Amino acid sequence: MKKPEHRCSGHSHRGYVFQSGQCVFSGKVERDGKWWCGTHDPVRVKERRDKIDADYEAKIARQRDASEKSAKASYNKVWNAAIDAVLESPIDDGRGAFVTVATIESLRR
Ligand SMILES: [Zn+2]
């Protein structure tokens, strides 16, 4: 007995540019009474879309992390430059100067 053939219910844009229609592949899985090929199976489509979403989220998170790091680095650069500027200016009081320099140095990031 020949296995019944089902066409995929998905839409295909294969072929000529202006020709689009039903997918040319035979249905491999049935979902809610409709047949789908491996490409158009709604479960597979969702999986692919979820993966794209997850990749996008991860990319955004990486970019955010990188930009936070870079913002922190430039903030620290300015901060340390300010400390250098303070340390280069003469401090009159000898005893106080030691504490002040140590305190300022401790603020380096
Ligand atoms: Zn298909």
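This is a predicted model: local features need pLDDT of at least 70, side-chain atom pairs count only at pLDDT 80 or more; totals for chains, interfaces and linings use all residues.

Visitor: Why is α1 said to lie largely in the open?
Guide: A residue needs 20 or more other C-beta atoms within 10 Å to be buried. Of the 47 residues of α1, the number that qualify as buried is 0, so the helix lies largely in the open.

Visitor: What makes Ala 73 buried or exposed?
Guide: The cut-off for exposed is 12 or fewer C-beta neighbours. Ala 73 has 11 inside 10 Å, so it counts as exposed. Ala 73 belongs to helix α1, which covers residues 42–88.

Visitor: Where is Glu 105, and why is it called exposed?
Guide: Glu 105 is in helix α2, residues 94–106. It has 11 other C-beta atoms within 10 Å. The limit is 12 or fewer, so Glu 105 is exposed. Between the C-alpha atoms of Glu 105 and Leu 87 the distance is 8.4 Å, and the sequence gap is 18 residues.

Visitor: What stands out in the backbone of Asp 32?
Guide: Its phi is near 50 degrees, a positive value in a residue that is not glycine. Asp 32 sits in the loop between β3 (29–31) and β4 (34–36).

Visitor: How do you know whether Asp 32 is buried or exposed?
Guide: Asp 32 has 5 C-beta neighbours inside 10 Å. Exposed requires 12 or fewer, so Asp 32 counts as exposed.

Visitor: Why does Gly 38 count as exposed, and which residues does it touch?
Guide: Gly 38 has 11 C-beta neighbours inside 10 Å, so it falls in the exposed class. Leaving aside residues up to four places away in sequence, Gly 38 touches Lys 28 and Arg 44. Gly 38 is in the loop between β4 and α1. Its C-alpha atom is 9.2 Å from that of Ser 26, 12 residues away along the chain.

Visitor: What is the overall pattern along the sequence, and how many residues count as buried, as a percentage?
Guide: The order is β-β-β-β-α-α, with 2 helices and 4 strands in total. Of the 109 residues, 6% count as buried. Among contacts with a separation of 6 or more, 31% join residues 24 or more positions apart.

Conventions. Residues are numbered from 1 along each chain as its sequence is written. Two residues are in contact if their C-beta atoms, placed from the backbone, lie within 7 Å.
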